[in-house]
Amino acid sequence: MTHASPISDNPPAPADDADRPSVSGKAVHPGDRIFLGLSRGSGIALLVIMAAIAVFLTYRSVIAISGDKADFLTTLEWNAGGTEPKFGIAVLAFGTLVSSVIAMALAVPVAVGIALFISHYAPRKLASPLGYVIDLLAAVPSIIYGLWGALFLVPHLSGLYSWLNDYLGWTGVFSYSQGAARSLFTVGVLLAIMILPIVTSVSREVFLQVPKTHEEAALALGATRWEVIRMAVLPFGRSGVISASMLGLGRALGETMAVATVLSPSFLINASLLDPGGGTFAQNIASKFSEADQFGQDALIASGLVLFVITLLVNGAARLIIARRKEYSGAAA
């Protein structure tokens, strides 16, 4: 008769530390080490690329600015190929910032309204195809917008220009002396149409992430649909809308072909936004780079450095705004 072996009172020996899974977050398996290396390398590569771009732009810009016979920041002229090179970015900075501000003022309210309609008002059968069309608009090439703007938008803005001149011409900002509508205001309208899909798509996705419990709680307290949006949806999505707006602003600041197609450039700062003339950094670089000599290219690169710095400052300001408002966004709820 066999007897069962007695159960040992001694617990099994603990596994070797090398066989235990790591709980400290450090990579243990080969796949983890490979993924960690690739992720870290990608981050370092991005920083190296950004630093290389900044160094290249700075080096070529110093060469150009040192040879400039005028004030680089305030001169209303661009003659980098003359015997005495004189060029400045005053007109370009003014045109870039003004057209971008016009685009943001027109596009952001409309984009937020469309995003709210798709996410909270439209029936599902309409919301899905409408959102798909908005996403498709974001993929349209810039030159297509430019051709449409030159052949359709410019001829049809004369009526709006005349109306603005009749009712707001006394301000000087909207005075219109007839002629082709190839001005900074037209550029702003075209840029608004171009950035509208980007701002709308991102804002829509943010609004769809609002916790349903927030909306249901507001409705249970007797809030109307608008009060739900005002008290629950907009506070939650504020940071996302700011991020979407900054994405659109980044495209507006650097847009090239569409602006070059509809704008009648000149190195003048007009008091009226409806008068032809002005220019932007990207448009000036695209139109003059192919015919510029070595020094002229350095001058254009110097203007590109200014645009690079403006873009970094805008993105940095957006990050600060988002960080300050994160606690009110509802994301922590």
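**Exercise 1.** What does the accessible surface of the chain come to, and what percentage of it belongs to carbon and sulfur atoms?

*Solution.* Let's begin with the ground rules. This is a predicted model, where local features need pLDDT of at least 70 and side-chain atom pairs count only at pLDDT 80 or more, while totals for chains, interfaces and linings use all residues. Residues are numbered from 1 along each chain as its sequence is written, and side-chain values use heavy atoms, leaving out hydrogens and water. With the Shrake-Rupley method and a 1.4 Å probe, the accessible surface is about 19,000 Å². Carbon and sulfur atoms hold 67% of that.

**Exercise 2.** Find how Arg204 pairs with charged residues, and say which parts of the chain are tied together.

*Solution.* 
- Step 1: Recall that side chains of opposite charge can pair when their charged atoms come close.
- Step 2: Look for salt bridges (a side-chain nitrogen of Lys or Arg within 4 Å of a carboxyl oxygen of Asp or Glu). Arg204 makes one with Asp135, with the closest N and O atoms 3.4 Å apart.
- Step 3: Arg204 sits in helix α6 (residues 184-208) and Asp135 in helix α3 (residues 124-137), so the bridge ties together parts 69 residues apart in sequence. Helices here are DSSP runs of H or I, at least four residues, numbered from the N terminus.
- Step 4: Arg204 also bridges Glu205, at 3.0 Å between the closest N and O atoms.

**Exercise 3.** Is Arg204 buried or exposed?

*Solution.* Apply the cut-offs: buried is under 20% relative accessible area, exposed over 50%, partly exposed in between (1.4 Å probe, protein chains only). Arg204, at 8%, is buried.

Key
Helix = DSSP H or I, 4+ residues; strand = E, 2+ residues; numbered from the N terminus.
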